[in-house]
Amino acid sequence: MWFFARDPVRDFPFELSPDPPEGGPPGPWVLHRGRKKATGSPVSIFVYDVKPGADEQTQVAKAAFKRLKTLRHPNILAYIDGLETDKCLHVVTEAVTPLKMYLKERAEAGGLKELELSWGLHQIVKALSFLVNDCSLIHNNVCMAAVFVDRAGEWKLGGLDYMYSSQGNGGGPPRKGVPELEQYDPPELADGSGRAVREKWSADMWRLGCLIWEVFNGSLPRAAALRNPGKIPKSLVPHYCELVGANPKVRPNPARFLQNCRAPGGFMNNRFVETNLFLEEIQIKEPAEKQKFFQELSKSLDSFPEDFCRHKVLPQLLTAFEFGSAGAVVLTPLFKVGKFLNAEEYQQKIIPVVVKMFSSTDRAMRIRLLQQMEQFIQYLDEPTVNTQIFPHVVHGFLDTNPAIREQTVKSMLLLAPKLNEANLNVELMKHFARLQAKDEQGPIRCNTTVCLGKIGSYLSASTRHRVLTSAFSRATKDPFAPSRVAGVLGFAATHNLYSMNDCAHKILPVLCGLTVDPEKSVRDQAFKAIRSFLSKLESVSEDPTQLAEVEKDVHAASSPGMGGAAASWAGWAVTGVSSLTSKLIRAHPAAAPAETNVPQRPTPEGLPAPAPTLVPATPATPGPWEMQEEGTDTADDSSAADRWDDEDWGSLEQEAESVLVQQEDWSTGGQASRAGQTSSLDVKSPESDWSSWDVEGSWEQGWQDPSPPEPPPEGTRLASEYNWGGPEPSDKGDPFAALSARRETGAQLRPDSWGDDNWEGLETESRQGKAELARKKREERRREMEAKRAEKKAAKGPMKLGTRKLD
């Protein structure tokens, strides 16, 4: 049987790169790029080919192999694996680049900053201190060729070929035999003087001075050039001069040299070195120290090298979040470092952490995630948003903290393009309806309207038809003036999503009512919007063939391209209005419009002016919603299947509460909230509140039970039948007389039209008519009772339950 010897080089788990070798330290070693066969991770491979007659060099290479394998220190080149055969030596280390090549590449890209050089030299001196003071070893080969740089910009000390013990065991220093290396030897070795009085570190510190000179000035031509510091920074020159002094006795110990350079004003006393030192000891730091460090870190990252941020700071941030208690403070530096990553790296390193953070119950973390969402939203795919992000984000709509509710609303501007049909058109609209109807913070109601105007183009055609008109109409009746402005601007921002019929019958009547708003800003925006809609109607009236072009977006599918108008009209969404919101919430953290006077519409002459009252803040705890009618709109002429009132959207807080109180009259409380009066309250389940956004008129009807509206009681007058001047004929002309006449004709033809809706603030006349009707009923009842008593007195014969008593 034949046995074949295995090839150890072929079975080696690492392979050389086909690229040409990168060189290496002067001597027998050649540096190659390589990779691990199993994972493809990059490595560096130092190769030495055994040659006949070079036994001395082979022994030096094998000694270096052994030293590198046994020495472990963060600042010494890290050994991974090795292979020793009769023909070659392979030493596998972490992926590194020779310092000379690294400096050349960085010089072409703009050069290294002093911060990077200070930390690099700090690492080399620290490695020498470890060898001399802890291991009693002399490196004997400190020079540019013995220093390597990893992908994070960390400097590593290598070139251990000529290392020997300072205690004398194992013989003296090995002979180098390489002229390029002998020029770094100190003068006392060349002339044989002063050997008895020198310290064990003296020769290595002289070579360190040569390294410093080469880092700032380039290759050392001869030893005499060391007398001229050249480009060495002034803060480092005094300490450099100590290193290259002729007297070896005065050359400092590596540990003392570090201490001198770290003194106030020293070359290594800067934020970059301090950050690196903290990161090296972060595992043993106290939680309070870690919190302070991460809070201050983001300010310094802009001045730090990109490679350092990606490969050293980022892993520490991820570890601090995963296994430490850093919490929300890591978010700001984490997203800053994330800017240096490409899309693939971001998906692998940042996104898993972000998804996990969204499930956290820490409020500080949740609000910082929402505030910084624009930094990572482009890296989130739609399945991740809909299944892992959005279900956690929506909890913010129900949070008792107003700041979280506000940031949750704003975040929808970024999430909406990635939401699916159910989350966008059903779930999100459900929460928006609740916020706009119930939230006690006026600024949050305002921002909800703003956000709806911005994302309107992403909604489906049926949802736009049901939601937008009703939502913006509700906003125009909000007691908070900026909310009314937002409602008007919302109409303008989505003007291309309405049919001409809706513009004429639904939108313009609402806007016209705002022309007499107490706030001038509301009136100004209302007039602008009215002119815009009238211009569209007039252009279609002049040329009916333009109708199809004008209404092309009305029934179109949701598309980001349709948001162009919204972007221009509603540019105020995250600048002016939202900053105002934040200021108002910070100024009144618990409050809201609890003590805000409700703006009142002018009362027609002859009618008693209602007394101004304060609108109470809606309770934040879950419970029955207090519903007030905003008008007396009748049902829309569309089919019942198109109405939100008939759809079961579910409960936001999973509570089912039956209707306890029924409205006495269909037209009660028409403008009670606008006039400052408290109308009768309906206690309803939260499900019925979602029905408040309807196609037409249900903005007001949504405050009532979602059952179909009952016909008005017999004898109830329509809005167009009132004398708008008061009980007595007014001397002044009625500006709405012509309109009333036209609406009377329309009301006879179509009783459920928009014209029959009492949205002009006639609550006083409504109350008078109701009181008169009740008085008449009481009078009729009294007469009936008197007639029955008279009949009993006049009756003859026996009674049903006994005999009639005689008078």
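Colleague: What makes Asp204 count as buried?

Modeller: Its relative accessibility in this predicted model is 1%. Buried means under 20%, so Asp204 qualifies.

Colleague: And Arg207, buried or exposed?

Modeller: Buried as well: Arg207 has a relative accessible area of 1%, and the cut-off is under 20%.

Colleague: Why are Arg207 and Asp204 about one helical turn apart?

Modeller: Because they sit three residues apart in helix H7, which covers residues 202-217.

Colleague: How do you know that Asp439 and Arg405 meet in a salt bridge?

Modeller: Their N to O distance is 2.7 Å, and the limit is within 4 Å. This pair links distant parts of the chain: Arg405 lies in helix H18, Asp439 in the loop between helix H19 and helix H20, 34 residues apart.

Colleague: What makes Asp439 and Arg405 buried?

Modeller: Asp439 has 7% relative accessibility and Arg405 has 3%. Buried is under 20%, so the word applies to Asp439 and to Arg405.

Colleague: Which residue forms a salt bridge with Glu94?

Modeller: Lys156 does, with the closest N and O atoms 4.0 Å apart. Glu94 is in strand S5 and Lys156 in strand S9, 62 residues apart.

Colleague: Why is Glu94 called buried?

Modeller: Its relative accessibility is 18%, and buried means under 20%, so Glu94 counts.

Notes
Residues numbered from 1 in each chain as written. Predicted model: local features only at pLDDT ≥ 70, side-chain atom pairs only at ≥ 80, totals over all residues. Heavy atoms only, no water. Salt bridge = Lys/Arg side-chain N within 4 Å of Asp/Glu carboxyl O. Helix = DSSP H or I, 4+ residues; strand = E, 2+ residues; numbered from the N terminus. Buried < 20%, exposed > 50% of the residue type's maximum accessible area, 1.4 Å probe, protein only.
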